[in-house]
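Here is a short briefing to read alongside the model.

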Amino acid sequence: MKKRRFLSWILTLAMLFSMAPTTALAVTLPTTYDAEYDAAKLEAATSFENGKTYRLTGTGTTPVKIGAGKKVTIVLAGVTINSTTSPIQVEAGAQLTLIPKYNTENNLTCISDTAQKVTDNNAGGLTAGISVPENATLIIDKDDVGEVRWKFKAAMVAQVLVAVT
């Protein structure tokens, strides 16, 4: 009888602790970056190197592409990218951590020239604001002073697997 009572108390405590809220620690923004890019000056050949942290600002039309197997962090600091394919493309096996800087507005819009291209998938499947294949990872975090606030304006959001820490 005492064993059952003891076991029930242990299980009750375990259930109570499992209901306790958990908090994720915010990322401290770096004071320096490995590189800073203006979206207006991005080129298709712009390389985001493995293990590096970048700051992205400005307005442009060239998508950001994270190559296969790379692990990259990008701080979005007031960036707008309007492209005919996904503005951010994470390739297979890659990991991208996005940190929207506090008190900035960041817009990622696929402006495929026709709705039919999206429907027929003639844009190569790259029609979401952020394209992440099944075997890649996207982490969206907040900086150390603010909250993550996302506003989606896309008619179609596809192929996005998000791991939020």
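Glutamate 36 counts as exposed, at 53% relative accessibility (buried is under 20% relative accessible area, exposed over 50%, partly exposed in between, with a 1.4 Å probe and protein chains only). Please keep in mind that this is a predicted model, where local features need pLDDT of at least 70, side-chain atom pairs count only at pLDDT 80 or more, and totals for chains, interfaces and linings use all residues. Residues are numbered from 1 along each chain as its sequence is written, and side-chain values use heavy atoms, with hydrogens and water left out.

**Salt bridges**
- A search of the whole structure finds two salt bridges (a side-chain nitrogen of Lys or Arg within 4 Å of a carboxyl oxygen of Asp or Glu).
- One joins the side chains of glutamate 36 and arginine 55, at 3.2 Å from N to O.
- This pair links distant parts of the chain, 19 residues apart, with glutamate 36 in strand E1 (residues 35–38) and arginine 55 in strand E2 (strands are DSSP runs of E, at least two residues, numbered from the N terminus).
- Glutamate 49 and lysine 52 meet through their side chains in a salt bridge of 4.0 Å, N to O.
- Glutamate 49 is partly exposed at 42% relative accessibility, and lysine 52 is partly exposed at 28%.

**Around arginine 55**
- Arginine 55 is partly exposed, with a relative accessible area of 25%, and its strand E2 covers residues 53–60.

**Helix H1**
- Isoleucine 10 lies in helix H1 (residues 2–19) and is partly exposed, at 40% relative accessible area.

How values were computed: Helices (H or I, at least four residues) and strands (E, at least two) are DSSP runs, numbered from the N terminus.
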